[in-house]
Amino acid sequence: MRRRWIGLIVAVLLLQVTALGGARLLADNDDAAALDPMTALGLRPLITPTGQVISPAGELVHWGNPALENHALDIALSPNGTYAAVLGRFDLALIDTRTGRLTSTFALDSKTQGIGTYQGIVWSRSGDRFYVPTQIGADVPAKDGDNGLILEVTVDSGKISGVKPIATFPPKDGHLPIPNGLALSDDGTTLFVALSGQDLVGMVDLASGRVMTASAPHYPYSIAVANGKLYVTQWGGRLPADGDPTAPGGWNDYTFTLQQPLVVDPKSEAVNSGTVTVFTITAGQGLQPAGVITVGLHPEAITRSPDGAFVYVADANSDTISVIDTRTDKVSETIPASLQGVPYGASPNGLAVSPDGKRLFIADGMLNAVAVVALGKNASSTGSDPTSLVLGYIPTAQYPAGLAIDQKGQRLFVADLEGLGPYATTDDPNDKAFQSSLPSILTGKPFSAAGAYNAHRQLAYVSLITLPDTKTLQQYTEVVLANTHYTRALEAQKALSLPPRPNVAPKPIPERLGEPSVFKHVILIVKENRTYDQVLGDMPEGNGDPYLCVFGESITPNEHALAREFALFDNYYLPAKSSAEGHPWAATAYNTDWIEKNVRAWFRGYPHTILDAMVPPSTGFIWDDVLNHGKTFRSYGFSTLPVLDNPNLTWTDLWQLRQRGQMPPGLRVRGTIANLVANSHPQYPGEDYRFSDQFRADLFLADLQRFEQTGQMPDFILMALPTDHTAGTKPGFPTPQAMVADNDLALGRIIEGISQSRFWMDTAIFVIEDDAQDGWDHVSPFRAPVFVISAYSRLGHPIHTFYTELDLLRTIEQILGIPPLNLLDMGGRLMTDAFTTTPDPRPFVHRPNQIALDTMNPTPQNATGPALHWAQLGEQMSAAVDDPANDDLLNHMIWASTKGYDTPYPAVAHVVLPARTRDADD
């Protein structure tokens with residue numbers, strides 16, 4: 001019997017992916033037979049917003065405050081193996097390894113105990129306590145009281161019985177200390193800590209509390225004690241030498257005062273150095289530098305072999321593991337950590353070694369899997385083979401990070417940083433039963449996540465996995481290959497190697513790279529933070545929920561007209577949960593370990609405007625791909641900030657200047673990414689919500705006139721159009737409805753201008769949101785509006801095909817004739833049904849706004865009742881408005897302003913979970 005599946009259930013069925021051994025995803029809407037070997041292994045596959053699939057092996061333990069976006073960062077076993085301690089972003093947890101049950105949690109108070117940093121949990125030798133690193137505050141620059149802490153956590157009868165700080169590190173020169181990467185001396189008396197924010201490594205005498213430090217630039221991350229020495233990974237690599245190409249990094253600092261020069265690759269603009277600093281440990285004298293070892297990029301986790309003869313370094317931005325022989329302090333082997341034959345895209349970031357020293361386990365974050373490696377003679381004292389060999393992969397939940405192995409080498413414990421995604425739910429009767437972004441395709445039943453209205457609500461997860469035998473590991477590997485679209489990526493890579501055929505007729509999307517497209521120009525417009533239902537949920541042509549539509553046709557007439565005249569996409573998804581993730585995804589088709597490890601903490605600033613050379617992957621940005629292949633590029637406000645002679649100008653001041661036809665005095669832009677700044681419009685303001693999008697449209701349309709006169713327009717244009725973000729109810733700004741209407745009108749004017757230009761017939765326009773965090777959707781917190789606009793896209797009907805941002809970027813690359821950036825977009829599917837072969841040259845005519853764009857939020861002085869309350873709350877928002885500390889407040893503001901002050905807000909009440917998980921109550 002055929003089932004009626006909605007949302008991403010349809011998405012899964014439309015994916016036709018073949019993997020090794022016959023494993024496949026369902027190929028049609030029928031009740032298909034169970035997957036082989038996935039079903040035989042008892043796995044439940046869940047699709048993610050990247051289009052990848054997760055099917056975690058073993059059992060899942062979950063916990064966390066459902067009002068928060070929880071993350072499990074690291075995990076460590078007690079000396080007797082009875083308990084697993086977990087460092088979370090907002091709490092600590094204890095799991096009984098014998099029963100697999102959660103026995104205790106402890107919520108961290110961010111103002112007194114800080115929040116979890118990146119990793120480094122370590123047990124005392126006695127096993128009655130463990131130590132964790134935390135950080136109070138995340139101000140950039142740091143302020144007094146933003147201290148880093150090492151917490152001592154005592155355990156009694158399987159419960160957390162006490163938590164106290166044993167070492168405190170204050171901010172210095174505006175830099176947070178960010179303690180991380182704890183390690184214990186062999187005798188258990190000294191604790192070593194990396195102060196990642198201050199380029200220091202410290203040693204803490206546990207008896208006296210005395211602290212000694214040594215220099216360890218850039219950004220020390222993790223520590224291993226081996227062979228009488230201390231090995232410290234340095235996330236940002238070595239100090240620059242004369243003549244090195246550099247870029248500012250380490251802090252996404254809008255004052256441009258904290259950033260430090262990092263060695264970069266000028267072609268990718270990414271950090272191009274990774275190092276491990278070695279110290280000798282001298283009793284009473286602290287740490288003495290003993291050398292620097294060059295390893296791969298973004299060296300993160302480090303661990304030692306049981307005998308201390310080797311240490312292993314996870315090179316997250318190189319997809320490799322560097323093996324260091326501690327007898328010579330040289331790299332003795334470099335082990336590939338990604339899938340064979342495909343490009344970069346694994347992000348190895350966690351490590352564990354089997355008790356016998358024969359196996360290395362690698363947390364490949366972006367593969368949602370753990371790689372199992374048989375260590376060779378250059379990587380293990382017990383190895384005999386010439387080189388180490390990846391034996392296979394174990395599927396996990398999203399983004400495995402911390403790893404631990406029990407003493408018998410039989411069980412693997414995995415801290416899954418992203419878990420199963422956002423599932424916080426509500427009991428509000430106004431909410432419908434939302435369908436999450438991760439439906440089960442084994443049962444064919446939607447995974448209910450009633451009220452999962454926002455991407456910042458998810459639990460923490462740990463996987464408990466019995467290590468597989470050879471046959472099961474092979475089956476697990478086949479599952480991982482299917483989940484990561486390995487076969488599709490291999491086929492795409494093979495196709496990329498084929499030469500373009502002569503005399504091939506142009507198509508919207510060429511079959512081979514380098515063959516002609518009907519399009520000579522691609523424009524990517526990036527808007528801010530809206531879900532599908534918020535904007536298009538009132539369109540009966542699509543799968544929408546009118547109740548959740550707060551910016552409907554009266555506010556967004558142009559977006560509705562574009563959806564009707566071209567195509568309405570109601571099954572498109574973004575992988576980001578915030579702008580700090582969304583802008584890198586849009587620019588790189590990837591999220592690096594640097595982003596993942598800072599999510600919801602943003603210790604080094606909020607990189608929605610990318611001012612930090614640590615953000616990009618080693619494959620660089622899409623504009624680098626464009627420029628490196630001989631194409632032309634121009635940016636309008638993406639990852640640059642406007643600068644004014646008078647920084648105190650308000651929204652009203654700037655609006656009045658525009659009304660008078662005057663430019664703001666001294667307006668210019670500033671950024672840190674060389675290739676971007678060199679190709680940016682010199683006055684187009686980036687994400688500063690004081691500027692109306694009408695002003696941005698004015699600047700682009702003036703450029704378009706010049707392009708008309710010269711007959712030359714850049715091959716690729718990237719444009720920020722951000723005011724649909726809104727400023728909530730912040731006084732001094734327009735209402736959310738007015739700001740979204742402003743954004744909609746600007747978009748309509750831009751599309752009209754292009755459609756009336758000489759470039760219309762050879763231009764494809766893609767309009768996306770960077771993320772969907774500021775709203776609600778009845779299908780998924782990741783579902784967002786998207787528009788594909790061209791003379792070849794006047795389809796006039798909805799498209800229900802499952803697409804992700806990676807599919808969209810893959811399509812742009814194919815049109816431009818540039819190769820994919822990494823494994824994720826290489827595995828993307830081309831958006832073929834967004835185009836037809838017969839063009840319709842009719843121009844688009846923009847619709848006028850139906851609400852005054854200068855309809856202002858009330859001020860506390862002119863408001864009463866609920867309006868006064870929300871005006872007062874609005875004053876709490878930062879001047880930049882895009883404030884991660886107040887994202888939930890902004891959502892409340894939008895709801896109250898658009899739905900009415902008396903409409904109940906969807907309040908978090910409980911959590912619906914899939915089968916085969918354990919918590920403290922079962």
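The numbered points below go from the basis of the model to its sheet and then to a pocket.

1. The model is predicted, so local features need pLDDT of at least 70 and side-chain atom pairs count only at pLDDT 80 or more, whereas totals for chains, interfaces and linings use all residues. Residues are numbered from 1 along each chain as its sequence is written, and side-chain values use heavy atoms, with hydrogens and water left out.

2. An open sheet of mixed pairing has five strands, in the order β37-β40-β35-β41-β42. Strands (E, at least two residues) and helices (H or I, at least four) are DSSP runs numbered from the N terminus, and two strands pair if DSSP finds at least two bridges between them. β37 (633-636) and β42 (786-789) are the edge strands, each pairing on one side only.

3. β37 and β40 (residues 716-720) run parallel and are joined by four bridges. Within this pair, Tyr636 stands opposite Met719 in β40.

4. Helix α11 (residues 693-710) lies across β35 (521-527), β37 and β40. Helix α12 (residues 736-755) touches β35, β40, β41 (763-769) and β42; contact means heavy atoms within 4.5 Å.

5. Which strands each supply at least two residues of the lining of the second largest pocket? They are β4 (72-77), β9 (122-123), β13 (179-184), β17 (220-226), β23 (299-304), β27 (348-353) and β31 (398-405).

Definitions and conventions. Axes fitted to C-alpha atoms, helices over the stretch in contact; angles between N-to-C directions.
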